[in-house]
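Welcome! Here is a short tour of some aromatic rings and their surroundings.

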Amino acid sequence: MSRTTSDERFEKPVVQETASAKSMVFSDIDIQSRMIVARPDELQFEYTRLMMGVLMFQPQPKRMLMVGLGGGSLAKFCYKYLPDALITVVEINPHVIALRQSFCIPDDDARFQVVQMDAAHFMAQTEQTFDVVFVDGFDQHGIPEQLCSIQFYSDCRRVLNKGGLTVANLHRFNAYRDVYVDRIEAAFDGALWVANAPGTTNCVAFAMHGYSKDTKFSYSKHRPAHMSDEAWAQISPSVARVFLATQEKQNG
């Protein structure tokens, strides 16, 4: 089968442009990603800022895996503001990858790589380990079945270093939301915290490998020394929100 024929299996996203912004869409009602042209590394959606709340657990991750490229919001933010992190992005849709330059996504280099592959297959086969695994893989129908299975979440745990986190973006009002949360919780032996992204229909699940009840979390409103003012301004409310989620569960 030729590449052209196989690529026909995947829906082509549409790029919508204004004078100041670009958006990637798969339908008239679902914006997959948005970028302000003058500030391409800025996180535009509340749920992406909430996903970066993972820095409450892992302030300086060294190896990061991202399931789903989209317009590269998380990838660009981490590439710019976490310069010591090695980042691998797995994206199944070649049409999405083809738009990487349009959305100012960096070229592959020594610390950044985009892999075209089914993330479930990648996760099952890889021998690499990571400090953070972001799961934000959606198509026009929602989360693909292979990216929300018990096996997939178990593989997410397998590839994490001790103390590492899987961070999954979910739709709060999806009929299977509680099923997905239960699967993640089971895969991680209950080490799961869920926070809602304010003003959105998204929630984010944070699941830790190697958590013990003796683990203590802390939060400071002060900017970490390794992070720039502009980065901290974007994500500090999310870091606080994730910390509160851990305290609510602990006290509950």
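The report below covers the model itself, its ring pairs, charges over rings and one aspartate.

## About the model

This is a predicted model, where local features need pLDDT of at least 70, side-chain atom pairs count only at pLDDT 80 or more, and totals for chains, interfaces and linings use all residues. Residues are numbered from 1 along each chain as its sequence is written, and side-chain values use heavy atoms, leaving out hydrogens and water.

## Rings that meet

Searching the whole structure gives twelve aromatic pairs (rings of Phe, Tyr and Trp, the last by its six-membered ring, with centres within 6.5 Å; planes under 30 degrees apart are stacked, over 60 edge-to-face, the rest tilted). One of them joins Phe57 and Phe217 edge-to-face, at 5.1 Å centre to centre and 90° between the planes. Phe57 lies in the loop between α2 and β4 and Phe217 in the loop between β10 and α8, so the pair ties together parts 160 residues apart in sequence.

Phe217 also pairs with Trp193: the centres are 5.5 Å apart and the planes at 90°, so this pair is edge-to-face. Trp193 belongs to strand β9 (residues 192–196); strands are DSSP runs of E, at least two residues, and helices runs of H or I, at least four, numbered from the N terminus. Ring pairs link Phe57, Trp193, Phe206, Tyr211 and Phe217 into a cluster.

## Charges over rings

The charged end of Lys249 sits over the Trp193 ring, 5.9 Å from its centre (NZ of Lys or CZ of Arg within 6 Å of the ring centre and within 35 degrees of the ring normal). Arg111 has its charged end over the ring of Tyr79, 4.3 Å from the centre.

## A buried aspartate

Asp155 is found in helix α6 (residues 150–158). Its relative accessibility is 9%, so Asp155 counts as buried (under 20% relative accessible area; exposed is over 50%, partly exposed in between, with a 1.4 Å probe and protein chains only).
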